[in-house]
Amino acid sequence: MELTSSLGLIAPEILLSVAGLFLLLVAAWAGDRASSAISIAACVVLGAAFFLVAPSVCAGAAGLETVAFGGQFRADAFAGFAKLMIYAAAGAALVVAPAFFTRYAAMRAEYPVLVLFGTLGMSIMVSATDLLTLYIGLEMQSLAAYVLAAFLRPDQRSAEAGLKYFVLGALASGILLFGASLLYGFTGTTQFELMRVAMAGPISTGTLFGIVFVLAGLAFKISAVPFHMWTPDVYEGAPTPVTQFFATAPKVAAIALTARVALDAFGTHADAWRQVVIFAALASIVVGALGAIGQTNIKRLLAYSSINNVGFILIGLAAATPQGASAMLVYLVIYVAMSVGSFVAVLMLRDEDGAPVERLADLAGLSRTKPALAFCLAAMMFSLAGIPPLFGFWGKFVVFQAAVQADLVALAAIGIAASVIGAFYYIKVVKVMYFDEAVNVVRDRSDWAHWALLIISTALMSPLGYLLTGPLSVLADRAAASLFFLV
């Protein structure tokens, strides 16, 4: 019965595995001419996985009935909430990819298969309650990501991005494994629940080092300072649909995994890791803001924006409370919508020959040549800056509120002050589009799929998004409560 129950809990992962293997065979037999059909099939699979997970989120699943394989996997509401964002973001990356790669004659049947396997790894990551399960999911996601970063073979920047990501990712995996080995050596277990019990009393120096090394390895995956150095180069060099994927789905998975490790495995010693998280949060906010100011490439600017936003999310983690975890999830939903909208807008920036337009100077006067596109991109920038009444303000508000409720008033105050710095480079993009003399570089027309995603994202970030605050807060609270439910 335990095996049957466990298999039922991992139904979305089984679906992704079987579908990925089947579509891989189709890709091998039919070749690249089947890439469109495989992409559509992959989107259908992600949609099916989405609906398989949704009931557990709505019901706030928690407790023993969510535990699978003897405590190595947990399909609770927290994992389900993260999976919904991952599947939606992966689907968006599949929708926008064909139009981009077709221009380079580089659309390969392997692309949707790699996205599926990467999504499978992320799905395992957010449900992992054992260091071994954690590492399996992390490496499955990372191996797919390395190939995706270098997917545009004719482009030297793409190959460079893939190589940098691989080398630095291998280093981060080594750091994480070393930390995991220390934790196993000093606690005698790899399961989060038993680890929490073993660390109930005073912790040894070796255990503390293990905690720091594990968090350092995970900090690389979420591109938090000081492990952010790969992000601008990889975001700029990778194909833009891949960059959109990196900025959303893997980011959600890594942050959810970090939250589970910190609040579940290390939950009894929040004071031991809170200082590390606070430093990473403030450093990410400041470095992300200052680093973006001098950028002239829109993709590099969004990379630093990603680092900046991770800092705000980590403020919720530093609170180490159910309110903080709930605020993180709310912020992540808003962040994913903003990132999808921003990168879809970047994908729609093309010249008359269809070549991507990435230089900020080439957006000058876009409001007069492409007013609808400029309006949507401006909405994304203002929302990323957290300027009311756009919905991006709500994400920052709930995170700072959770910090204040956890008596981290100084952290919230510094975060609010630092967010003003970040507003500068977002507003600079709007200034270039609306007040600089038009250069009329962006001329190409985009297809309906891009416009549909951009309009949906813009609508969500508009004041209409506040209509979702009620149900979104309820689901996030249930998900956060499941994370703090002691099995």
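Me: Which helices do the buried residues of α16 pack against?
Reply: This is a predicted model, and in it the buried residues of α16 pack against α13, α14, α15 (366-369), α17, α18 and α19 (448-461).

Me: And how many of the residues of α16 are buried?
Reply: Of its 14 residues, 10 are buried, so that α16 is mostly covered. The buried ones are Leu-373, Ala-374, Cys-376, Leu-377, Ala-378, Ala-379, Met-380, Met-381, Ser-383 and Leu-384.

Me: What span should α16 have at 1.5 Å a residue?
Reply: The 14 residues should span 20 Å, and the end C-alpha atoms of α16 are 20 Å apart, which agrees with that expectation. After α16 comes Gly-386, which has a positive phi near 80°.

Me: Ok, next topic: at what angle do the axes of α13 and α14 cross?
Reply: The axes of helix α13 (residues 298-319) and helix α14 (residues 322-347) cross at roughly 170°, and they come within 8 Å of each other. Angles over 145 degrees count as roughly antiparallel, and α13 and α14 are therefore roughly antiparallel to each other.

Me: Which residues make that contact?
Reply: On the α13 side they include Ile-298, Leu-302, Phe-312, Ile-313 and Leu-317, while on the α14 side they include Met-328, Tyr-331, Leu-332, Ser-342 and Phe-343. The residues of the contact of α13 with α14 divide into 14 nonpolar, five polar and one charged.

Me: You mentioned Ser-342, so is Ser-342 buried or exposed?
Reply: Ser-342, which has its place in helix α14, is buried, with a relative accessible area of 1%. Not counting residues up to four places away in sequence, Ser-342 touches Leu-302, Leu-377, Met-380, Met-381 and Leu-384. Among these partners, Leu-302 belongs to the α13 side of the contact with α14, whereas Leu-377, Met-380, Met-381 and Leu-384 are among the buried residues of α16.

Me: Changing topic, how many residues does the largest nonpolar core have?
Reply: The largest nonpolar core has 178 residues, and those with the most contacts inside it are Phe-101, Tyr-111, Phe-246, Phe-266 and Trp-273. Apart from that core lies another, of five residues, among them Leu-9, Ile-10, Ala-68 and Ala-75.

Me: And Trp-273, what is it in contact with?
Reply: If neighbours within four places in sequence are left aside, Trp-273 is in contact with Ile-211, Leu-215, Ala-262, Leu-263, Phe-266, Leu-317 and Ala-320. Trp-273 is one of the buried residues of α12, as are Arg-274 and Val-277, and the buried residues of α12 pack against α9 (205-221), α11 (240-265), α13 and α18 (409-435).

Me: How many residues has α12, and how far does it reach?
Reply: Helix α12 (residues 270-293) has 24 residues and reaches 34 Å from its first C-alpha to its last, which is close to the 34 Å expected at 1.5 Å a residue.

Me: Where is Thr-268?
Reply: Thr-268 lies in the loop between α11 and α12, and it is partly exposed, with a relative accessible area of 40%. Leaving aside neighbours within four places in sequence, Thr-268 is in contact with Arg-196, Met-199 and Ala-200.

Me: Last one, which residues does a cis peptide bond join, with omega about 10°?
Reply: Pro-388 and Pro-389 are joined by such a bond, and Pro-389 has its place in the loop between α16 and α17 (392-405). The peptide bond from Val-225 to Pro-226 is cis too, with omega near 10°, and Pro-226 is found in the loop between α9 and α10 (231-237).

Technical notes: Residues are numbered from 1 along each chain as its sequence is written. This is a predicted model: local features need pLDDT of at least 70, side-chain atom pairs count only at pLDDT 80 or more; totals for chains, interfaces and linings use all residues. Side-chain values use heavy atoms; hydrogens and water are left out. Axes are lines fitted to C-alpha atoms, for helices over the stretch in contact, and angles run from 0 to 180 degrees between N-to-C directions. Helices (H or I, at least four residues) and strands (E, at least two) are DSSP runs, numbered from the N terminus. Angles under 35 degrees count as roughly parallel, over 145 as roughly antiparallel, 65 to 115 as roughly perpendicular and the rest as oblique. Contact means heavy atoms within 4.5 Å. Ala, Val, Leu, Ile, Met, Phe, Trp, Tyr, Cys and Pro count as nonpolar, Asp, Glu, Lys and Arg as charged, and the others, Gly among them, as polar. A nonpolar core is a set of buried Ala, Val, Leu, Ile, Met, Phe, Trp, Tyr and Cys residues joined through side-chain atoms within 4.5 Å. Buried means under 20% relative accessible area, exposed over 50%, partly exposed in between (1.4 Å probe, protein chains only). The expected span of a helix is 1.5 Å times one less than its number of residues.
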